[in-house]
Amino acid sequence: MSERRIYLDRGIGETRGVVTLDGRPERLLIRRDDDDPRLALGARLVARVASLEPALGTAFLDLGGGVEAILAFRPDARPVRGQALEIEIRGEPRRGKLAVARAFGPAEGAPRLTAQAPDITAELHALAPDARLVEGHRAIEEADAAEAEALDILHPLPGGGTLAIEPTRALTAIDVDLGERKGADAKRVTRQANLAALGVAARLLRLKGLGGIVVIDLVGRGHDGVALLAAARAAFAPDNPGVSIGPVGRFGTMELSLPRRSQPLLERLCRQDGAPSDRTLAQRLIRRLQAEGAVQPGARLAATCAPAISAAAAPLAALLAQQIGARFTIHADPARPREQFDVRAA
């Protein structure tokens, strides 16, 4: 039977929550202190209908302060421009895409937040109701491991082989590869690899926060379509409601449609070129300083990093100073690569 555990890292500038499935990260939830609470999954608001696109069945909503969301509507439930609606955020914004809302009915007054989204602690308990919440150093380790795995492209399969997950603008492509490891009993090995890949893919898609159309390129030929479909339904059951799974096609691919709910972690943690953002690297630097400060209480610490990381870390450093005291400095070195920094006793 599968076992889920939950971890909470209350960091400086961000809070991270992790759900593990049989010891492997399954979900990584991140909230940063400067996130807009109006766009968090589950937030409730009063919004005003700013414009309509009847041909698309879509309304653009004004959430206040220049923040927008979209609302899909049926022809018999078309809202009116200028109308105030009570809404809930059902899909967080993605790169180039607005947040998606669900309407509950008419409302009154100006656009405003009426109820905060559930915090990470509540989300973790909802995802694993019977698990004990773990905090402290172990939670930091689990969150760091989950972050690293979420940003990887290649992932090992149990028993050998790899799984590659690459999101594009249109869909997420997953490739199952056994390399040269098939041997004489190729049919049995490929069947086991494909069945295992579905479970691994489901976990990793949840971890990465990916949804929409997913195409899985299975390994081998002559697939057991019935067994694979059953395995896929079991693997993606936690993502319901909203999961649609197609049969194995003639080219050995399986297509799925998964609900889009949270912002993909790749977008939250990285720039458009896929490199970690300045903020993400600044968070890592502050965690290093925090860890060294705990190991060397009272020692003065010096960190060296690229100028952009130093600038991104400045507001976080002010918060860290309130926690461990002003016993550290951050030096900006123009010759230092973005992703390389060190922390040592001064």
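Quick housekeeping. This is a predicted model, where local features need pLDDT of at least 70 and side-chain atom pairs need 80 or more, while totals for chains, interfaces and linings use all residues. Residues are numbered from 1 along each chain as its sequence is written, and side-chain values use heavy atoms, leaving out hydrogens and water.

Now, pockets. A pocket is an open set of points on a 1 Å grid over the protein atoms alone, where a 1.4 Å probe fits, with protein on both sides within 12 Å along at least five of seven lines; lining residues have an atom within 4 Å of a point.

How much space lies in the largest pocket? About 1,200 Å³, counted as the space filled by probe spheres set on the points, which are joined across faces, edges and corners. Its lining has 43 residues, and L29, L41, E92, E123 and S262 are the closest to its centre.

Which strand gives the most to that lining? That's β3, with six residues; strands here are DSSP runs of E, at least two residues, numbered from the N terminus.

The second largest pocket has a volume of about 520 Å³. Lining it are 18 residues, and R95, P167, T168, R169 and E267 lie nearest its centre.

Definitions and conventions
Helices (H or I, at least four residues) and strands (E, at least two) are DSSP runs, numbered from the N terminus.
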